[in-house]
Amino acid sequence: MSIKAFLELVEIRTKIASVYPFVLGTLFVFYKLQTINLGNTLIFFVAMLIFDLTTTAINNYMDYRKATDNHDYDFRVESNVIGKMNIPQKNVILLIFTMFLIATALGVWLVVRTDLLVLLIGFVCFCIGILYTFGPVPLSRMPLGEVFSGVTMGFGIFFLAVYMSAYDAGVANLLWQGEWIDIRFNLLRIIEIGVVSLPCIFTIANIMLANNLCDLDEDIRNHRYTLPYYIGRKMGVLLFNTLYYASFAAVVAAVILRYLSPIMLLVLLVIPLVYRNLKKFNQEQVKSKTFVVAIKNFVLINASLAVLLALSILIKYLF
């Protein structure tokens, strides 16, 4: 398999959705708790990225298999990356299992370096990641796909990025003593992480929502009942807009609660740019024309937050 075929199979261009929560979580733990464990952080990043690549490869493989088994399925064999680039199925399967084993091994290494809570959270994220694209009724085909993608990636990756450096800082712990297993969370700290991660949650959910809005008519024909099917296109577009403005509201709330520096309010300056993009999406929801709005707004908001959070660290510790 060529490098080009591999990058197409794993859709490398889409991995920004997992990179930004990682970056923001890593910056936040350093800003808030003045700690960072480079070893754990790097291992987690590689494990997270490889697992994300694995789930995408599984998704493309399942689409190809369904296209092969059912010619009425909306993905034609020729349009799927496996068929288009003539990648042997055995190579795809081998790649999936190899990446899965590497991600699992790195996850176990992290558990050894931290504690059992990483094993529990990692297992939950693993199950959601696999069920998101695999099985008789994948989560991505259900009305809760936006919730699962937003929370798992937006909060899950953000939280684990924080935990890699702060597993011994009283954020949370899982203790196994004899026949007793105790899970303890610092509720105030979890709320803090949850509020700060809301922009990631909302903007990632909107990528899924934009995809489902663009595919609504096609999904109905193919008996896929995603969120827009139940709430309608008009309400779906309204929700799409609302989640972006809720992201900015979450930043304001985090500053008021003193979770973030007031300098983070500068992110509000990008609202006109987000609004301009939204006007295009509101006019038409077409995959080839306006789906990119969700990607542009995701990068616009989260890149701005990352830059401002890094600036907050510089101001806090250098001046």
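**Reading the packing of the chain**

Guide: Let us begin with one residue of this predicted model. Phe240 touches Asn206, Leu209, Ala210, Leu213, Leu278, Phe281, Val293 and Ala294, leaving aside residues up to four places away in sequence.

Visitor: Which residues have the most contacts inside the largest nonpolar core?

Guide: In soluble globular proteins, nonpolar side chains tend to be buried together. Here the largest nonpolar core holds 89 residues, and Phe240 is listed with Phe44 and Phe159 as having the most contacts inside it. Helix α3, residues 38–69, contributes the largest share of this core, with 12 residues.

Visitor: How many helices and strands are there in the chain?

Guide: The chain has 14 helices and two strands. Its radius of gyration is 20 Å, close to the 20 Å given by the globule rule for 319 residues, so the chain is as compact as a globular protein of that length. The C-alpha trace spans about 60 × 50 × 40 Å along its principal axes.

Visitor: What percentage of the residues count as buried, and what percentage of the contacts join residues at least 24 apart?

Guide: Buried residues make up 49% of the 319 in the chain. Of the contacts between residues at least 6 apart in sequence, 75% join residues at least 24 apart.

How values were computed. Residues are numbered from 1 along each chain as its sequence is written. This is a predicted model: local features need pLDDT of at least 70, side-chain atom pairs count only at pLDDT 80 or more; totals for chains, interfaces and linings use all residues. Side-chain values use heavy atoms; hydrogens and water are left out. A nonpolar core is a set of buried Ala, Val, Leu, Ile, Met, Phe, Trp, Tyr and Cys residues joined through side-chain atoms within 4.5 Å. Buried means under 20% relative accessible area, exposed over 50%, partly exposed in between (1.4 Å probe, protein chains only). Helices (H or I, at least four residues) and strands (E, at least two) are DSSP runs, numbered from the N terminus. Contact means heavy atoms within 4.5 Å. The radius of gyration is taken over C-alpha atoms; the globule rule is 2.2 Å times the number of residues to the power 0.38.
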